[in-house]
Amino acid sequence: MKSLTPFYDPSISYEENYAQGPFGLFRQLDKAQQVSIKPSKFLNVEVNLPFGQPAGPLLNANYIKAAFAYGFDLCVYKTVRTKLHKCHPLPNVLSVHPNGKLSCNLDTVLADTNYSQPLSITNSFGVPSFAPDVWQPDMADAVKSAGHGQCVIGSFQGTQGNGEIEKDYALAAKLVRETNAPILEANLSCPNEGASKLLCFDIDKVERIVNEIKMAVPDRPLILKLAYFADDEKIISLLNRVGSIIDGLSTINTLSAKPVDAHGHPALGENRKEGGVCGDAIRWAGLDMVSRLAKYRQEMDLKFAIVGVGGVSSSEHYHQFIKSGADAVMSATGAMWNPLLAIEIKKNL
Ligand SMILES: Cc1cc2nc3c(=O)[nH]c(=O)nc-3n(C[C@H](O)[C@H](O)[C@H](O)COP(=O)(O)O)c2cc1C
């Protein structure tokens, strides 16, 4: 497996990556090859290949422009909020070494800076955001930079403590709409509040949030970003309540784990004992969620699109997700360490 310079540098802060990145091949846009593809439809837009990067690695318009140049046709702009929100201190990213698959039961995993393939990482940022007066013009610039058959998806979330969370989600959606992003994505699976307390598991709240967002922005498709649901009943309940209102579901976010150093101490620091794990060790969970969603979509005669995420780092993984029922596929960890991933998938179609 190829190991290239990652376009996000884990050894420096989020703010430094924001200001100086992207790195590696993503700085050399003239090296990008164009592979031409017959476009298809994803939601309301025409896309060359329904493949791209989920919310996270693409911090701003400079990252999005590089991702478009390297053929990632669906690019999610990293989750934004209605107010400035600081990033957790370093480390934000570490390599983790589970024995094979990570379970969804808060496994303890060794974490260090040895980024070996097949790669899994922990990411712990706390969903930082600049204030809207900074991110809105930048997101608008990213939206405009999309080439033919490419599209920016604007990811956002509400913040606890900014009044009613539903209203803050709706305000964030309106602010994203103002940038002209053609598709919106609400992040309901932020792991920073603890694995058992993820918003997407509180179905009453999800329904209220979805209704508020749809009232605030009725004219843009809405995707919900979901975590891994161990329980089928909960998936059915979610689909019963919002399955015909939303336009897409993107899954999965990370699986939570306890990253420790070689001495068994919390690797992200004493006050961050848990971190979300992504990359190779969670692909099983992404594939499992996608196939269960596809099954219930058919059984319940629903129409939403499914975005498959989790551990995609090769053409084979892309096709596994499509076969499981995904309408689009995205890669964060795999793409960060291999900026040529979209080109490779297109060449192997
Ligand atoms: C560096 C990094 C930052 C991330 N930030 C966000 C985020 O802001 N919002 C979000 O919904 N997901 C975020 N994620 C989760 C990814 O969108 C994705 O769901 C997860 O990484 C699994 O995909 P992967 O195995 O391809 O990495 C982030 C992931 C990474 C690696």
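This is a predicted model: local features need pLDDT of at least 70, side-chain atom pairs count only at pLDDT 80 or more; totals for chains, interfaces and linings use all residues.
Some ground rules to begin with. Local features need pLDDT of at least 70 and side-chain atom pairs count only at pLDDT 80 or more, while totals for chains, interfaces and linings use all residues. Residues are numbered from 1 along each chain as its sequence is written, and side-chain values use heavy atoms, with hydrogens and water left out.

Now the ligand. It is surrounded by 22 residues, and the closest are A55, T79, G279, G311 and T333; a residue is near a molecule if one of its heavy atoms lies within 4 Å of it. By class, this shell has 10 nonpolar, 10 polar and two charged residues. Here Ala, Val, Leu, Ile, Met, Phe, Trp, Tyr, Cys and Pro are nonpolar, Asp, Glu, Lys and Arg are charged, and the others, Gly among them, are polar.

Which elements each supply at least two residues of the shell? They are β4 (74-80), β7 (120-123), β13 (275-279) and α9 (333-337). Helices (H or I, at least four residues) and strands (E, at least two) are DSSP runs, numbered from the N terminus.

Next, polar contacts, meaning pairs of N or O atoms within 3.5 Å. The side chain of K78 places an N or O atom 2.9 Å from a ligand oxygen. For the side chain of N187, the distance to a ligand oxygen is 3.3 Å. A332 uses a backbone N or O atom, 2.9 Å from an oxygen of the ligand. Taken alone, the ligand exposes 600 Å², and the protein buries 98% of that, by the Shrake-Rupley method with a 1.4 Å probe.

On to salt bridges, where a side-chain nitrogen of Lys or Arg is within 4 Å of a carboxyl oxygen of Asp or Glu. The structure holds 14. One of them pairs R177 with D219, with the closest N and O atoms 2.8 Å apart. R177 is in helix α4 (residues 165-177) and D219 is in the loop between α5 (203-216) and β10 (222-226), so the pair ties together parts 42 residues apart in sequence.

Last, the backbone. Most residues other than glycine have a negative phi, and most peptide bonds are trans. L43, in the loop between β1 (40-42) and β2 (45-47), has a positive phi of about 50°. L90 and P91 are joined by a cis peptide bond, omega about 0°. Another cis bond joins Q117 and P118, omega about -5°; P118 lies in the loop between β6 (108-112) and β7.

Technical notes
A polar contact is a pair of N or O atoms within 3.5 Å; within protein, one must be able to donate a hydrogen and the other to accept it, and residues adjacent in sequence count only if both atoms are side-chain atoms.
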